[in-house]
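Here is a short tour of a structure, written for someone who would rather look at it than read tables. Keep the viewer open and follow along, one region at a time.

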Number of protein chains: 2
Amino acid sequence: MAVEVITIKDKGDSVDTFFDPESVAIIGASNSPFNLGATICRTLHEFSSFDGRVYAVNRKGEAVHGCEGFVSVTDIPGDVDLAVIITPADVVPFFVKQCGEKGIGHIVIESAGFSEGGESGRTMQKEIDETAREQGIRIMGPNCLGVLNARNQFCCFYGIFEDSFEAFMSEPGTVSYIIQSGGVVAVILESLVKDVVKVNKAISIGNKSDVDEADMIEYLDRDDTTEVIGMYLENIQQGRKFLDAARGVRKPILAFKVGRTDEGALAAQSHTAGMANNDAIFEGVCRQAGIIRVNSISELHSLPKIFTSMPPLRGPRIAVFTNSGAFGGITADLLVDAGLEMARLSPETQEKLSRTGQIFNVSNPIDLGPALSMQTFMDIFDILLSSDEVDGLLPIPSLWHPMIIDAIGELVKKCHHYRKPAAIYTPNAVYRTVSYRNEYQVPLFESPEEAVRALQVSYQHYLYSLRKDAESYPVCNGESAWNGKLHQGVA
Amino acid sequence: MAVEVITIKDKGDSVDTFFDPESVAIIGASNSPFNLGATICRTLHEFSSFDGRVYAVNRKGEAVHGCEGFVSVTDIPGDVDLAVIITPADVVPFFVKQCGEKGIGHIVIESAGFSEGGESGRTMQKEIDETAREQGIRIMGPNCLGVLNARNQFCCFYGIFEDSFEAFMSEPGTVSYIIQSGGVVAVILESLVKDVVKVNKAISIGNKSDVDEADMIEYLDRDDTTEVIGMYLENIQQGRKFLDAARGVRKPILAFKVGRTDEGALAAQSHTAGMANNDAIFEGVCRQAGIIRVNSISELHSLPKIFTSMPPLRGPRIAVFTNSGAFGGITADLLVDAGLEMARLSPETQEKLSRTGQIFNVSNPIDLGPALSMQTFMDIFDILLSSDEVDGLLPIPSLWHPMIIDAIGELVKKCHHYRKPAAIYTPNAVYRTVSYRNEYQVPLFESPEEAVRALQVSYQHYLYSLRKDAESYPVCNGESAWNGKLHQGVA
């Protein structure tokens, strides 16, 4: 057994082939009505600019949506890098063996009905695992969608529509996802279509009989085009491997895990065959590994932009400014709840703010009053961002004039200049915020709660980074600065 | 002093005039650039179908946007029901006296700079209060926007744009708001434009020197066209009056209060001059009065549809069904957190579900699998809604086919037939959910969290109603059924 494990480990970074295959066989793709494999052939051949070779494998050896057809992978001339199996569960072990004969090193098994499907499923799973170990094959799945890579437009998700595909792929971004469920990934990808940060890679790992979240974290950490990693998990099977993989990563990792309650764990178990993990253990692993645990699926797509659009929050003191006084009070409550602080502005800073003109209230939260010029906005940004009393901004300007959008654009630049972040919320209906954000490509959050949460996770990641720095360069005194901060409410 | 208080109380339900004036004077409306009063004249005369008379009062006695102009309200021929004062603060006491001379019984003071603006503001406020008491005038404000009434298109909000006005007013709904801040009301009204429930009346009460949330609760309780009451509060000045007013109301009241933390209370104080109320007291009043306390501004517009579109949730047992297994686990966690329960389906019910066809998993959460016919959906709805094991539904169908929207429409009807609610979430980006909801007018929630929260508040209101029934018809045994339930986690 030990030897077989070493066989796999020796393959090193070979998971790369799942993302950049030069040749792919879709096993189970045919011209039967409602054939799911056929939708993968169509996506790759008709919608995508993917330039690898794509073959269809089916009983008749027929071509599918322009992809050359074969009865067996062993009939395909030349090498095949990756096989995608999407057939009834009971024939999957046979096809895995056939892939082994062909020398295929990577298989995505999309079929369901294995460990999550009772005793006979588990027996088949064992058979597949044995073949894979003997042949040194890496397996993704079963019960998964595999990979979507916006960089090269490789995608083996089934049932994807042309307009969705174009939307997801049109502009590769820098946030990548490791996801146990297809339904969740669709919501995330659709949401990012109208955001300032787009998807880079999405990986649906399903029952993860071999390739798991830890392998994917390591891959995405090496991947230069990934800035932020998001995860949706239903279970962790190898806690130590997960911890070790995540611990060394400096990129922000956001993780949502289902199964906080017994009912949730039970539901997840029937879905992707995980054990009902103890949630407290997961929580502990996240803290040790420096993973930001998020509270909803929507946080997985709403929060990455605070990392990709803004410098990190390096301290807890936030200056709020708004022309809707109510949101001053609302965000003050939220900031305190989040373990952050309302920055205390000195008389000198308040005096500088007064000199700008029409500000109603120069103490924090700063009440802008109804009308402000572009210059006044610029002055406020400079005064607050340059002040050593302020670590970050929470601007809540009403979009009553097109000038405000320009001011927000300038604010983003100034944030980078002063190396401090702003989480911007404009008090509008969400549909309008999404529309402004998409049109003007400014990092707007959709609610005051989301903006405060973005500052909180930015600070949490900054503190994790300090700790990881400290771990890389050990010092004599174990009580480092971040340790105290971590216990002050954030994290 | 006591006599003056009685003077006001004797006027009884006279606050109605704020909503249905036959003649209105806008004091401070002129043709100067950026004049806010002028925007009210324009709204009423040019955008609105309001059929009352509207006059402008200004130094030159000039007409404004088609509204006849006068130098003083005393010059206006005939009665004036309502004055709206929107001038610099220091001349407001003078105009209030003038209104008294004219015999005007209702004034909205939109000007700011009173109790929230320091010592001189408080002195002016006192002067106004004395005049009002002497003359028996009801005052709304100061520092407010007054009233928007979609039923008769009366609106004294300033700075409202034509397209916003048309959107807010185009289709009067059944949810009414009592709000201390203008910025908040704009977000709510804009959000309801694309929802299945629309606004009926919105009242911005500002510093509430006279008319307060309690008066408005009583008014909206009497108002036949209001089904749900939403409130945004920065402070409560008369706790007992508020409690007494809300206690007797059977309509759902949703309240958001800022100032949960010291920082939030401090910020609110500078905004609308409230005392930093003890949040625990507010919490207690809500429980005693049967008010549902909400956690965000967005809940004020997202939750009312569970009351207007669905029967109440009369028990905690929820059946979840989805074709995205992940959301089964996610919602199971959320339901448990919300004090609700995953319904336990008996073997008989599971057998009925099995007989419908292609269901992956017939225990709760029910996994629908990828494809289902309209008939299968109808069968599932009937089986679950008719089962005495289930109190409400949480359906999470993917909108992969137009048929699903039709099925959702049928579900709404069946919910009314079986007198059980469904909180429906379709796993999509929010912008797409809003668009479907608006186009097909089906009550979709925007996230699984929102759907679960809707079920929670529906059940909470049902339990409050039971208690109010019990209070109306006292029984010997003080330990009634609802009392036990209230302590099981909901509320």
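## Helices 8 and 10 of chain A

In this predicted model, helix 8 (residues 239-247) of chain A and helix 10 (residues 279-289) of chain A pack with their axes 9 Å apart, at an angle of about 25°. An angle under 35 degrees counts as roughly parallel, and helix 8 of chain A and helix 10 of chain A are therefore roughly parallel to each other. The crossing of helix 8 of chain A with helix 10 of chain A is right-handed.

To find the contact on screen, pick out A:Gly239, A:Phe242, A:Leu243, A:Ala246 and A:Arg247 in helix 8 of chain A; they meet A:Ile281, A:Val285, A:Gln288 and A:Ala289 in helix 10 of chain A. By class, the residues of this contact are six nonpolar, two polar and one charged.

## Helices 3 and 4 of chain A

The axes of helix 3 (residues 92-102) of chain A and helix 4 (residues 119-135) of chain A cross at roughly 5° and come within 9 Å. Helix 3 of chain A and helix 4 of chain A are therefore roughly parallel to each other.

Helix 3 of chain A brings A:Val92, A:Pro93, A:Val96, A:Lys97 and A:Gly100 to this contact, while helix 4 of chain A brings A:Met124, A:Glu127, A:Ile128, A:Thr131, A:Ala132 and A:Gln135. Sorted by class, the contact of helix 3 of chain A with helix 4 of chain A holds six nonpolar, three polar and two charged residues.

## The seven-stranded sheet of chain A

Now turn to the strands. Chain A has an open sheet of seven strands in the order 8-7-10-9-11-12-13, with mixed pairing. Its edges are strand 8 (154-155) and strand 13 (292-293) of chain A, each of which pairs on one side only.

Inside this sheet, strand 7 (residues 146-149) of chain A and strand 10 (residues 199-204) of chain A run antiparallel and are joined by four bridges. Which residue of strand 10 of chain A is the bridge partner of A:Leu148? The partner is A:Ala202. Helix 6 (residues 182-192) of chain A lies across strand 9 (175-179), strand 10 and strand 11 (228-233) of chain A, and runs at about 170° to strand 10 of chain A.

## The six-stranded sheet of chain B

Over in chain B, there is an open sheet of six strands, ordered 3-2-1-4-5-6, with parallel pairing. Strand 3 (68-70) and strand 6 (138-140) of chain B are the edge strands, each pairing on one side only. From one strand to the next, the twist averages 25°.

Strand 1 (residues 23-27) of chain B and strand 4 (residues 82-85) of chain B run parallel, with four bridges joining them. Here B:Ala25 stands opposite B:Ala83 in strand 4 of chain B. Helix 2 (residues 36-47) of chain B lies across strand 1, strand 2 (53-57) and strand 4 of chain B, at about 160° to strand 2 of chain B.

## Helices 13 and 18 of chain B

Helix 13 of chain B and helix 18 (residues 448-472) of chain B have axes that come within 10 Å and cross at roughly 40°. Helix 13 of chain B and helix 18 of chain B are therefore oblique to each other, and their crossing is right-handed.

On the helix 13 side of chain B, the contact is made by B:Phe327, B:Ile330, B:Thr331, B:Leu334 and B:Leu335, and on the helix 18 side of chain B by B:Pro448, B:Glu449 and B:Val452. These residues divide into six nonpolar, one polar and one charged.

## Where the two chains meet

Finally, look at the contact between the chains, which takes 46 residues from chain B and 45 residues from chain A. On the side of chain B that touches chain A, at least two residues each come from helix 6 (182-192), helix 9 (262-272), helix 11 (297-302), helix 13 (325-337) and helix 17 (430-440) of chain B. The largest share, 10 residues, is supplied by helix 13 of chain B. By class, this side of chain B has 19 nonpolar, 18 polar and nine charged residues.

How do the copies relate? The same surface serves both copies, as 98% of the contact residues of chain B recur in chain A.

Methods: Residues are numbered from 1 along each chain as its sequence is written. Chains are lettered from A and ligands numbered from 1 in the order in which they are written. This is a predicted model: local features need pLDDT of at least 70, side-chain atom pairs count only at pLDDT 80 or more; totals for chains, interfaces and linings use all residues. Two residues are in contact if their C-beta atoms, placed from the backbone, lie within 7 Å. Axes are lines fitted to C-alpha atoms, for helices over the stretch in contact, and angles run from 0 to 180 degrees between N-to-C directions. Angles under 35 degrees count as roughly parallel, over 145 as roughly antiparallel, 65 to 115 as roughly perpendicular and the rest as oblique. Ala, Val, Leu, Ile, Met, Phe, Trp, Tyr, Cys and Pro count as nonpolar, Asp, Glu, Lys and Arg as charged, and the others, Gly among them, as polar. Two strands pair if DSSP finds at least two bridges between them. A crossing is left-handed if the near helix is turned anticlockwise from the far one by less than a right angle, and right-handed if clockwise.
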